[in-house]
Protein chains: 2
Amino acid sequence: MNYRLDIQYDGTRYGGWQKQKDTDNTIQGKIEEVLSRMCQTPVTIQGAGRTDAGVHAAGQVANAHMETEKTSEEICEYLNRYLPEDIEIVRVKQAADRFHSRLNAREKVYQYRVAAGSHKNVFERKYQCPLHENLDVPAMREAAEFLTGTHDFKSFCSNKKMKKSSVRTIYDIEIREEGQEIRMTYTGDGFLYNMVRILTGTLIEVGRGERKPEEMMEILERCDRGAAGFTAPARGLTLLEVRY
Amino acid sequence: MNYRLDIQYDGTRYGGWQKQKDTDNTIQGKIEEVLSRMCQTPVTIQGAGRTDAGVHAAGQVANAHMETEKTSEEICEYLNRYLPEDIEIVRVKQAADRFHSRLNAREKVYQYRVAAGSHKNVFERKYQCPLHENLDVPAMREAAEFLTGTHDFKSFCSNKKMKKSSVRTIYDIEIREEGQEIRMTYTGDGFLYNMVRILTGTLIEVGRGERKPEEMMEILERCDRGAAGFTAPARGLTLLEVRY
(Lines give C-alpha, C1' and ligand atoms only; values in the text may rest on other atoms or scores of the structure.)
Protein backbone atom coordinates (compact mmCIF):
# COMPACT_ATOMS: atom_id res chain seq x y z
CA MET A 1 0.00 0.00 0.00
CA ASN A 2 1.18 3.53 -0.82
CA TYR A 3 0.71 6.22 1.85
CA ARG A 4 0.91 10.01 1.66
CA LEU A 5 2.37 11.77 4.71
CA ASP A 6 1.91 15.50 5.42
CA ILE A 7 4.76 16.72 7.58
CA GLN A 8 5.80 19.81 9.58
CA TYR A 9 9.24 20.38 11.02
CA ASP A 10 11.49 22.92 12.63
CA GLY A 11 14.66 22.23 10.63
CA THR A 12 17.04 24.03 13.02
CA ARG A 13 18.61 20.89 14.49
CA TYR A 14 18.73 18.82 11.31
CA GLY A 15 21.05 18.25 8.39
CA GLY A 16 18.16 18.80 5.96
CA TRP A 17 15.50 16.51 4.53
CA GLN A 18 17.52 14.07 2.50
CA LYS A 19 19.02 11.00 4.13
CA GLN A 20 22.80 10.92 4.11
CA LYS A 21 25.10 7.93 4.16
CA ASP A 22 27.22 8.87 7.14
CA THR A 23 24.62 10.46 9.41
CA ASP A 24 20.99 9.92 10.09
CA ASN A 25 20.46 13.43 11.46
CA THR A 26 18.00 14.19 8.68
CA ILE A 27 14.22 14.46 8.67
CA GLN A 28 13.92 11.63 6.13
CA GLY A 29 16.25 9.49 8.26
CA LYS A 30 14.25 10.10 11.45
CA ILE A 31 10.93 9.22 9.82
CA GLU A 32 12.28 6.15 8.01
CA GLU A 33 13.75 4.89 11.28
CA VAL A 34 10.34 4.96 13.00
CA LEU A 35 8.46 3.51 9.99
CA SER A 36 11.03 0.72 9.60
CA ARG A 37 10.63 -0.20 13.27
CA MET A 38 6.85 -0.14 12.88
CA CYS A 39 6.89 -2.39 9.78
CA GLN A 40 9.83 -4.48 11.03
CA THR A 41 11.41 -4.11 7.59
CA PRO A 42 13.29 -1.21 5.94
CA VAL A 43 10.92 1.49 4.65
CA THR A 44 12.02 4.28 2.27
CA ILE A 45 10.10 7.53 1.95
CA GLN A 46 10.15 10.02 -0.92
CA GLY A 47 9.90 13.70 -0.01
CA ALA A 48 8.46 16.33 -2.35
CA GLY A 49 11.07 18.97 -1.45
CA ARG A 50 14.65 18.20 -0.45
CA THR A 51 14.96 21.03 2.02
CA ASP A 52 18.51 22.10 3.01
CA ALA A 53 20.00 21.90 6.50
CA GLY A 54 18.22 24.42 8.73
CA VAL A 55 15.24 24.93 6.42
CA HIS A 56 11.76 24.39 7.91
CA ALA A 57 8.55 22.92 6.55
CA ALA A 58 4.93 23.66 7.33
CA GLY A 59 3.62 21.50 4.49
CA GLN A 60 6.19 18.93 3.34
CA VAL A 61 4.65 15.90 1.61
CA ALA A 62 6.20 12.44 1.36
CA ASN A 63 5.05 9.02 0.26
CA ALA A 64 5.98 5.51 1.34
CA HIS A 65 5.10 2.03 0.13
CA MET A 66 4.67 -0.25 3.11
CA GLU A 67 2.72 -3.19 4.49
CA THR A 68 1.05 -2.80 7.87
CA GLU A 69 -2.11 -3.86 9.65
CA LYS A 70 -2.47 -0.38 11.11
CA THR A 71 -4.99 2.19 9.87
CA SER A 72 -3.75 5.54 8.54
CA GLU A 73 -4.68 7.18 11.86
CA GLU A 74 -2.75 4.55 13.79
CA ILE A 75 0.34 5.06 11.59
CA CYS A 76 0.09 8.81 12.25
CA GLU A 77 -0.19 8.30 16.01
CA TYR A 78 2.67 5.80 16.03
CA LEU A 79 4.94 8.23 14.18
CA ASN A 80 4.12 11.17 16.45
CA ARG A 81 4.69 9.04 19.54
CA TYR A 82 8.24 8.15 18.50
CA LEU A 83 9.38 11.19 16.50
CA PRO A 84 11.16 14.10 18.27
CA GLU A 85 9.07 17.12 19.20
CA ASP A 86 10.32 19.27 16.31
CA ILE A 87 8.87 16.90 13.70
CA GLU A 88 5.09 16.44 13.45
CA ILE A 89 3.12 14.19 11.12
CA VAL A 90 -0.03 16.18 10.42
CA ARG A 91 -1.81 13.46 8.42
CA VAL A 92 -1.33 10.02 6.92
CA LYS A 93 -3.59 8.99 4.05
CA GLN A 94 -3.77 6.06 1.64
CA ALA A 95 -2.68 7.15 -1.84
CA ALA A 96 -2.93 5.75 -5.37
CA ASP A 97 -0.23 3.16 -5.97
CA ARG A 98 1.61 5.32 -8.51
CA PHE A 99 1.50 8.54 -6.43
CA HIS A 100 5.02 9.96 -6.06
CA SER A 101 5.33 13.00 -3.81
CA ARG A 102 8.06 14.69 -5.82
CA LEU A 103 7.41 13.62 -9.41
CA ASN A 104 3.68 14.37 -9.19
CA ALA A 105 4.07 17.77 -7.49
CA ARG A 106 2.54 20.48 -9.67
CA GLU A 107 3.39 23.55 -7.59
CA LYS A 108 5.49 24.34 -4.55
CA VAL A 109 5.22 27.33 -2.26
CA TYR A 110 8.21 28.53 -0.23
CA GLN A 111 8.26 31.47 2.17
CA TYR A 112 11.30 33.46 3.23
CA ARG A 113 11.03 35.65 6.34
CA VAL A 114 13.39 38.57 6.92
CA ALA A 115 13.54 40.44 10.25
CA ALA A 116 13.85 44.02 9.04
CA GLY A 117 13.26 46.10 12.19
CA SER A 118 16.03 47.29 14.46
CA HIS A 119 15.43 44.48 16.97
CA LYS A 120 15.16 40.74 16.62
CA ASN A 121 12.04 38.99 17.81
CA VAL A 122 13.30 36.37 20.28
CA PHE A 123 10.28 34.13 19.69
CA GLU A 124 10.64 34.04 15.89
CA ARG A 125 14.44 34.13 15.75
CA LYS A 126 14.82 30.58 14.46
CA TYR A 127 12.45 31.21 11.54
CA GLN A 128 13.70 34.61 10.39
CA CYS A 129 16.86 35.87 8.78
CA PRO A 130 18.13 38.61 11.16
CA LEU A 131 18.85 41.38 8.66
CA HIS A 132 17.76 44.46 10.62
CA GLU A 133 18.13 46.89 7.75
CA ASN A 134 15.58 49.04 6.00
CA LEU A 135 14.85 47.60 2.58
CA ASP A 136 13.23 49.33 -0.39
CA VAL A 137 10.26 46.97 -0.75
CA PRO A 138 8.73 48.60 -3.87
CA ALA A 139 12.08 48.14 -5.69
CA MET A 140 12.15 44.49 -4.56
CA ARG A 141 8.64 43.99 -5.95
CA GLU A 142 9.71 45.51 -9.25
CA ALA A 143 12.70 43.14 -9.42
CA ALA A 144 10.44 40.20 -8.53
CA GLU A 145 8.31 40.98 -11.59
CA PHE A 146 11.33 40.37 -13.85
CA LEU A 147 11.97 37.00 -12.17
CA THR A 148 8.39 35.78 -12.48
CA GLY A 149 7.62 33.59 -15.51
CA THR A 150 9.47 30.79 -17.31
CA HIS A 151 13.23 31.29 -17.40
CA ASP A 152 16.49 29.39 -17.30
CA PHE A 153 17.39 29.94 -13.62
CA LYS A 154 20.97 28.62 -13.91
CA SER A 155 22.29 31.85 -12.35
CA PHE A 156 20.18 31.08 -9.28
CA CYS A 157 21.43 27.52 -8.75
CA SER A 158 24.35 26.44 -6.50
CA ASN A 159 24.81 23.09 -8.21
CA LYS A 160 27.46 23.70 -10.84
CA LYS A 161 27.41 20.15 -12.16
CA MET A 162 23.67 20.30 -12.83
CA LYS A 163 23.13 18.40 -16.07
CA LYS A 164 19.34 18.45 -16.25
CA SER A 165 17.37 21.44 -17.47
CA SER A 166 17.47 24.49 -15.22
CA VAL A 167 14.35 25.98 -16.80
CA ARG A 168 11.61 26.57 -14.23
CA THR A 169 8.42 28.62 -14.00
CA ILE A 170 7.79 31.01 -11.13
CA TYR A 171 4.08 31.81 -11.02
CA ASP A 172 4.27 34.43 -8.32
CA ILE A 173 6.60 36.20 -5.90
CA GLU A 174 4.64 38.05 -3.24
CA ILE A 175 6.52 40.46 -0.97
CA ARG A 176 4.62 41.64 2.09
CA GLU A 177 5.57 43.77 5.07
CA GLU A 178 4.14 42.47 8.34
CA GLY A 179 5.17 44.67 11.24
CA GLN A 180 8.94 44.36 11.64
CA GLU A 181 9.12 41.54 9.13
CA ILE A 182 9.30 41.15 5.33
CA ARG A 183 7.74 37.95 3.99
CA MET A 184 8.62 36.77 0.51
CA THR A 185 6.40 33.99 -0.83
CA TYR A 186 7.50 32.09 -3.94
CA THR A 187 5.11 29.91 -5.94
CA GLY A 188 6.56 27.87 -8.80
CA ASP A 189 6.50 24.52 -10.61
CA GLY A 190 9.77 23.59 -8.94
CA PHE A 191 12.96 25.15 -7.60
CA LEU A 192 16.62 24.34 -8.24
CA TYR A 193 19.20 23.67 -5.53
CA ASN A 194 19.40 26.80 -3.29
CA MET A 195 17.27 28.70 -5.83
CA VAL A 196 14.85 30.33 -3.35
CA ARG A 197 17.73 31.39 -1.08
CA ILE A 198 19.68 32.93 -3.99
CA LEU A 199 16.55 34.67 -5.34
CA THR A 200 16.04 36.06 -1.82
CA GLY A 201 19.66 37.19 -1.44
CA THR A 202 19.47 38.93 -4.82
CA LEU A 203 16.18 40.66 -3.95
CA ILE A 204 17.67 41.79 -0.62
CA GLU A 205 20.55 43.39 -2.56
CA VAL A 206 17.92 45.22 -4.65
CA GLY A 207 16.20 46.29 -1.42
CA ARG A 208 19.52 47.71 -0.17
CA GLY A 209 19.95 49.70 -3.40
CA GLU A 210 23.01 47.68 -4.41
CA ARG A 211 21.29 46.43 -7.58
CA LYS A 212 18.65 47.87 -9.89
CA PRO A 213 15.41 45.91 -10.48
CA GLU A 214 16.06 45.72 -14.25
CA GLU A 215 19.42 43.99 -13.59
CA MET A 216 17.39 40.80 -13.04
CA MET A 217 17.06 40.33 -16.81
CA GLU A 218 20.80 40.43 -17.27
CA ILE A 219 21.40 38.02 -14.38
CA LEU A 220 18.99 35.50 -15.92
CA GLU A 221 20.64 35.84 -19.36
CA ARG A 222 24.17 35.32 -18.01
CA CYS A 223 23.35 31.76 -16.82
CA ASP A 224 26.15 32.10 -14.26
CA ARG A 225 25.84 31.72 -10.50
CA GLY A 226 28.37 34.55 -10.07
CA ALA A 227 25.96 37.02 -11.65
CA ALA A 228 23.30 36.69 -8.93
CA GLY A 229 23.37 37.82 -5.28
CA PHE A 230 24.30 36.05 -2.06
CA THR A 231 22.64 32.90 -0.74
CA ALA A 232 20.30 33.98 2.06
CA PRO A 233 20.68 31.91 5.29
CA ALA A 234 18.65 28.70 5.60
CA ARG A 235 16.90 29.63 8.86
CA GLY A 236 14.56 32.15 7.19
CA LEU A 237 13.15 29.61 4.71
CA THR A 238 10.05 27.43 5.10
CA LEU A 239 8.45 25.03 2.60
CA LEU A 240 4.83 26.10 3.02
CA GLU A 241 2.90 23.87 0.65
CA VAL A 242 3.13 21.29 -2.12
CA ARG A 243 0.24 21.20 -4.59
CA TYR A 244 -0.79 18.27 -6.79
CA MET B 1 21.84 57.40 36.99
CA ASN B 2 18.79 55.09 36.98
CA TYR B 3 17.93 53.26 33.74
CA ARG B 4 14.81 51.43 32.64
CA LEU B 5 15.34 48.33 30.49
CA ASP B 6 12.60 46.77 28.36
CA ILE B 7 13.39 43.09 27.82
CA GLN B 8 12.19 40.11 25.75
CA TYR B 9 13.26 36.54 26.30
CA ASP B 10 12.58 32.97 25.37
CA GLY B 11 12.77 31.43 28.85
CA THR B 12 13.12 27.82 27.68
CA ARG B 13 16.82 27.44 28.53
CA TYR B 14 16.82 29.45 31.75
CA GLY B 15 16.22 28.90 35.44
CA GLY B 16 13.82 31.85 35.54
CA TRP B 17 14.31 35.58 36.01
CA GLN B 18 15.66 35.79 39.53
CA LYS B 19 19.36 35.39 40.19
CA GLN B 20 20.24 32.38 42.28
CA LYS B 21 23.20 31.87 44.54
CA ASP B 22 24.50 28.63 43.11
CA THR B 23 23.86 29.19 39.40
CA ASP B 24 23.87 32.14 37.08
CA ASN B 25 21.66 30.48 34.50
CA THR B 26 18.99 33.12 35.03
CA ILE B 27 17.93 36.06 32.91
CA GLN B 28 18.79 38.52 35.69
CA GLY B 29 22.20 36.86 36.10
CA LYS B 30 22.97 37.04 32.36
CA ILE B 31 22.07 40.74 32.11
CA GLU B 32 23.89 41.70 35.32
CA GLU B 33 27.00 39.92 34.08
CA VAL B 34 27.12 42.04 30.91
CA LEU B 35 26.25 45.30 32.70
CA SER B 36 28.88 44.66 35.37
CA ARG B 37 31.50 44.08 32.69
CA MET B 38 30.41 47.27 30.93
CA CYS B 39 30.57 49.38 34.11
CA GLN B 40 33.58 47.49 35.49
CA THR B 41 31.82 47.30 38.85
CA PRO B 42 28.99 45.03 40.06
CA VAL B 43 25.56 46.17 38.82
CA THR B 44 22.28 44.83 40.22
CA ILE B 45 19.02 45.01 38.28
CA GLN B 46 15.46 44.87 39.60
CA GLY B 47 12.89 43.03 37.45
CA ALA B 48 9.17 43.83 37.51
CA GLY B 49 8.10 40.19 37.30
CA ARG B 50 10.07 37.28 38.73
CA THR B 51 9.18 34.82 36.01
CA ASP B 52 9.62 31.11 36.77
CA ALA B 53 12.01 28.74 35.01
CA GLY B 54 10.77 28.22 31.45
CA VAL B 55 8.43 31.24 31.42
CA HIS B 56 8.91 33.76 28.59
CA ALA B 57 8.64 37.54 28.43
CA ALA B 58 7.67 39.85 25.61
CA GLY B 59 7.60 42.93 27.84
CA GLN B 60 9.63 42.44 31.02
CA VAL B 61 10.81 45.70 32.60
CA ALA B 62 13.84 46.13 34.87
CA ASN B 63 15.78 49.05 36.30
CA ALA B 64 19.41 49.51 37.24
CA HIS B 65 21.39 52.26 38.92
CA MET B 66 24.76 52.62 37.22
CA GLU B 67 27.45 55.06 36.17
CA THR B 68 28.59 55.00 32.57
CA GLU B 69 29.71 57.41 29.87
CA LYS B 70 27.58 55.57 27.33
CA THR B 71 24.26 56.89 26.00
CA SER B 72 21.09 54.80 26.47
CA GLU B 73 21.34 53.63 22.85
CA GLU B 74 24.95 52.57 23.37
CA ILE B 75 24.05 50.62 26.53
CA CYS B 76 21.30 48.86 24.56
CA GLU B 77 23.68 47.96 21.71
CA TYR B 78 26.34 46.77 24.15
CA LEU B 79 23.88 44.49 25.91
CA ASN B 80 22.54 42.99 22.68
CA ARG B 81 26.06 42.39 21.41
CA TYR B 82 27.01 40.29 24.44
CA LEU B 83 23.72 38.70 25.49
CA PRO B 84 22.71 35.28 24.07
CA GLU B 85 20.30 35.26 21.14
CA ASP B 86 17.26 34.29 23.23
CA ILE B 87 17.46 37.49 25.31
CA GLU B 88 16.85 40.84 23.61
CA ILE B 89 16.99 44.32 25.13
CA VAL B 90 14.29 46.22 23.27
CA ARG B 91 15.02 49.64 24.77
CA VAL B 92 17.12 51.37 27.43
CA LYS B 93 15.90 54.71 28.76
CA GLN B 94 16.96 57.06 31.55
CA ALA B 95 14.44 56.94 34.41
CA ALA B 96 13.62 59.03 37.45
CA ASP B 97 15.99 58.24 40.29
CA ARG B 98 13.28 56.67 42.44
CA PHE B 99 11.76 54.54 39.64
CA HIS B 100 11.58 50.89 40.77
CA SER B 101 10.38 48.45 38.12
CA ARG B 102 8.55 46.16 40.53
CA LEU B 103 7.33 48.46 43.29
CA ASN B 104 6.02 51.08 40.84
CA ALA B 105 4.26 48.60 38.55
CA ARG B 106 0.55 49.36 38.41
CA GLU B 107 -0.63 46.51 36.18
CA LYS B 108 0.83 43.34 34.72
CA VAL B 109 -0.43 41.36 31.75
CA TYR B 110 0.35 37.66 31.39
CA GLN B 111 -0.71 35.39 28.56
CA TYR B 112 -1.09 31.62 28.68
CA ARG B 113 -1.25 29.72 25.38
CA VAL B 114 -2.77 26.26 25.17
CA ALA B 115 -2.47 24.08 22.04
CA ALA B 116 -5.95 22.60 21.85
CA GLY B 117 -6.09 21.00 18.39
CA SER B 118 -5.21 17.39 17.71
CA HIS B 119 -1.73 18.30 16.46
CA LYS B 120 1.05 20.36 17.92
CA ASN B 121 2.42 23.29 15.95
CA VAL B 122 6.16 22.58 15.69
CA PHE B 123 7.00 26.27 15.32
CA GLU B 124 5.10 27.37 18.45
CA ARG B 125 5.80 24.31 20.57
CA LYS B 126 8.08 26.10 23.03
CA TYR B 127 5.47 28.77 23.76
CA GLN B 128 2.39 26.59 24.09
CA CYS B 129 1.20 24.02 26.58
CA PRO B 130 0.53 20.88 24.48
CA LEU B 131 -2.89 19.90 25.78
CA HIS B 132 -4.58 18.64 22.61
CA GLU B 133 -8.01 18.26 24.13
CA ASN B 134 -11.26 19.96 23.32
CA LEU B 135 -12.11 22.44 26.05
CA ASP B 136 -15.47 24.02 26.83
CA VAL B 137 -14.43 27.64 26.34
CA PRO B 138 -17.77 29.26 27.31
CA ALA B 139 -17.61 27.41 30.67
CA MET B 140 -14.03 28.62 31.14
CA ARG B 141 -15.17 32.20 30.48
CA GLU B 142 -17.94 31.80 33.04
CA ALA B 143 -15.44 30.55 35.64
CA ALA B 144 -13.06 33.42 34.77
CA GLU B 145 -15.84 35.88 35.68
CA PHE B 146 -15.87 34.52 39.25
CA LEU B 147 -12.11 34.97 39.51
CA THR B 148 -12.10 38.54 38.25
CA GLY B 149 -12.07 41.26 40.90
CA THR B 150 -10.39 41.72 44.28
CA HIS B 151 -9.99 38.47 46.21
CA ASP B 152 -7.67 36.67 48.57
CA PHE B 153 -5.93 34.36 46.07
CA LYS B 154 -4.19 32.18 48.67
CA SER B 155 -5.68 29.05 47.05
CA PHE B 156 -3.87 30.02 43.86
CA CYS B 157 -0.43 30.45 45.40
CA SER B 158 2.30 27.80 45.65
CA ASN B 159 4.23 29.59 48.36
CA LYS B 160 2.93 28.09 51.61
CA LYS B 161 5.09 30.26 53.82
CA MET B 162 3.76 33.46 52.27
CA LYS B 163 3.44 35.96 55.12
CA LYS B 164 2.42 39.07 53.19
CA SER B 165 -1.10 39.71 51.98
CA SER B 166 -2.34 37.39 49.27
CA VAL B 167 -5.11 39.80 48.24
CA ARG B 168 -4.81 40.82 44.58
CA THR B 169 -7.08 42.39 41.97
CA ILE B 170 -7.61 40.76 38.59
CA TYR B 171 -9.04 43.37 36.22
CA ASP B 172 -9.68 41.04 33.33
CA ILE B 173 -9.28 37.45 32.12
CA GLU B 174 -9.80 37.23 28.38
CA ILE B 175 -10.11 33.79 26.80
CA ARG B 176 -9.84 33.67 23.03
CA GLU B 177 -9.74 30.86 20.50
CA GLU B 178 -7.26 31.44 17.70
CA GLY B 179 -7.26 28.56 15.26
CA GLN B 180 -5.96 25.50 17.10
CA GLU B 181 -4.95 27.55 20.13
CA ILE B 182 -6.64 28.94 23.25
CA ARG B 183 -5.11 32.17 24.58
CA MET B 184 -5.84 33.26 28.13
CA THR B 185 -4.80 36.81 28.94
CA TYR B 186 -4.69 37.91 32.58
CA THR B 187 -4.52 41.58 33.59
CA GLY B 188 -4.09 42.39 37.28
CA ASP B 189 -2.35 44.62 39.80
CA GLY B 190 0.02 41.78 40.64
CA PHE B 191 0.20 38.01 40.78
CA LEU B 192 1.35 35.65 43.54
CA TYR B 193 3.92 32.90 43.10
CA ASN B 194 2.63 30.49 40.38
CA MET B 195 -0.76 32.24 40.49
CA VAL B 196 -1.27 32.55 36.72
CA ARG B 197 -0.29 28.93 36.17
CA ILE B 198 -2.65 27.67 38.89
CA LEU B 199 -5.49 29.87 37.61
CA THR B 200 -4.85 28.39 34.15
CA GLY B 201 -4.73 24.80 35.43
CA THR B 202 -8.01 25.35 37.27
CA LEU B 203 -9.69 26.91 34.22
CA ILE B 204 -8.47 23.99 32.08
CA GLU B 205 -10.17 21.61 34.54
CA VAL B 206 -13.37 23.64 34.07
CA GLY B 207 -12.88 23.38 30.30
CA ARG B 208 -12.63 19.59 30.63
CA GLY B 209 -15.87 19.48 32.60
CA GLU B 210 -14.10 18.28 35.76
CA ARG B 211 -15.16 21.38 37.70
CA LYS B 212 -18.17 23.69 37.52
CA PRO B 213 -17.63 27.43 36.93
CA GLU B 214 -19.36 28.35 40.22
CA GLU B 215 -16.85 26.20 42.14
CA MET B 216 -14.42 29.12 41.75
CA MET B 217 -16.14 30.96 44.62
CA GLU B 218 -15.63 28.04 46.97
CA ILE B 219 -11.97 27.64 45.92
CA LEU B 220 -11.32 31.31 46.70
CA GLU B 221 -13.07 31.06 50.09
CA ARG B 222 -11.12 27.97 51.14
CA CYS B 223 -7.76 29.84 51.07
CA ASP B 224 -6.05 26.49 50.53
CA ARG B 225 -3.79 25.56 47.62
CA GLY B 226 -5.27 22.05 47.66
CA ALA B 227 -8.67 23.42 46.67
CA ALA B 228 -7.54 24.74 43.27
CA GLY B 229 -6.49 22.88 40.14
CA PHE B 230 -3.10 21.78 38.81
CA THR B 231 -0.21 24.12 38.02
CA ALA B 232 -0.12 24.50 34.24
CA PRO B 233 3.39 24.01 32.72
CA ALA B 234 5.71 27.01 32.54
CA ARG B 235 6.32 26.84 28.79
CA GLY B 236 2.85 28.18 27.88
CA LEU B 237 3.26 31.38 29.91
CA THR B 238 4.54 34.77 28.73
CA LEU B 239 4.79 38.07 30.64
CA LEU B 240 3.34 40.35 27.98
CA GLU B 241 3.44 43.79 29.53
CA VAL B 242 4.10 45.80 32.69
CA ARG B 243 2.19 49.08 33.03
CA TYR B 244 3.15 52.05 35.19
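This is a predicted model: local features need pLDDT of at least 70, side-chain atom pairs count only at pLDDT 80 or more; totals for chains, interfaces and linings use all residues.

Arg125(A) counts as buried because its relative accessibility is 9%, under the 20% cut-off. Glu85(B) has 42% relative accessibility, so it counts as partly exposed.

Asp10(A), Glu85(A), Lys126(A), Arg125(B) and Arg235(B) are linked in a network of salt bridges. Between chain A and chain B the count is six salt bridges, while the count over all chains comes to 45. Six residue pairs are in polar contact across the interface of chain A and chain B.

Now for the interface as a whole. Chain A and chain B bury about 1900 Å² between them, and 47% of that is on carbon and sulfur atoms. In chain A, the residues that lose the most area to chain B are Glu85(A), Phe123(A) and Arg125(A), together 33% of what that side buries. The contact draws 26 residues from chain A and 26 residues from chain B.

How are the two chains related? Chain A superposes on chain B by a rotation of 180° with 0.0 Å of shift along the axis, at an RMSD of 0.0 Å. This is the relation of a two-fold axis. The same surface serves both copies, as 100% of the contact residues of chain A recur in chain B.

Which elements build the side of chain A that touches chain B? Those giving two or more residues are strand 1 (2–9), strand 3 (56–65), helix 2 (72–82) and strand 4 (87–95) of chain A. Strand 4 of chain A gives the most to that side, with four residues.

Helix 2 deserves a look in chain B too. In helix 2 (residues 72–82) of chain B, the buried residues are Ser72(B), Ile75(B), Cys76(B), Tyr78(B), Leu79(B) and Asn80(B). An α-helix has 3.6 residues a turn, so residues three or four places apart point the same way. The cover over the buried residues of helix 2 of chain B includes strand 1 (2–9), helix 1 (27–39) and strand 4 (87–95) of chain B.

For comparison, here are two salt bridges within single chains. Asp224(A) pairs with Arg222(A), their closest N and O atoms being 3.7 Å apart. Asp224(A) counts as partly exposed because its relative accessibility is 34%, and Arg222(A), at 46%, also counts as partly exposed. In chain B, Arg176(B) forms a salt bridge with Glu174(B), with the closest N and O atoms 3.6 Å apart. Arg176(B) is partly exposed, with a relative accessible area of 38%, and Glu174(B), at 36% relative accessibility, counts as partly exposed.

Technical notes:
Residues are numbered from 1 along each chain as its sequence is written. Chains are lettered from A and ligands numbered from 1 in the order in which they are written. Side-chain values use heavy atoms; hydrogens and water are left out. Copies are superposed by least squares on the C-alpha atoms of residues with pLDDT of at least 70 in both. Contact means heavy atoms within 4.5 Å. Buried area is the accessible area (1.4 Å probe) that two parts lose on being put together, summed over both. A salt bridge is a side-chain nitrogen of Lys or Arg within 4 Å of a carboxyl oxygen of Asp or Glu. A polar contact is a pair of N or O atoms within 3.5 Å; within protein, one must be able to donate a hydrogen and the other to accept it, and residues adjacent in sequence count only if both atoms are side-chain atoms. Buried means under 20% relative accessible area, exposed over 50%, partly exposed in between (1.4 Å probe, protein chains only).
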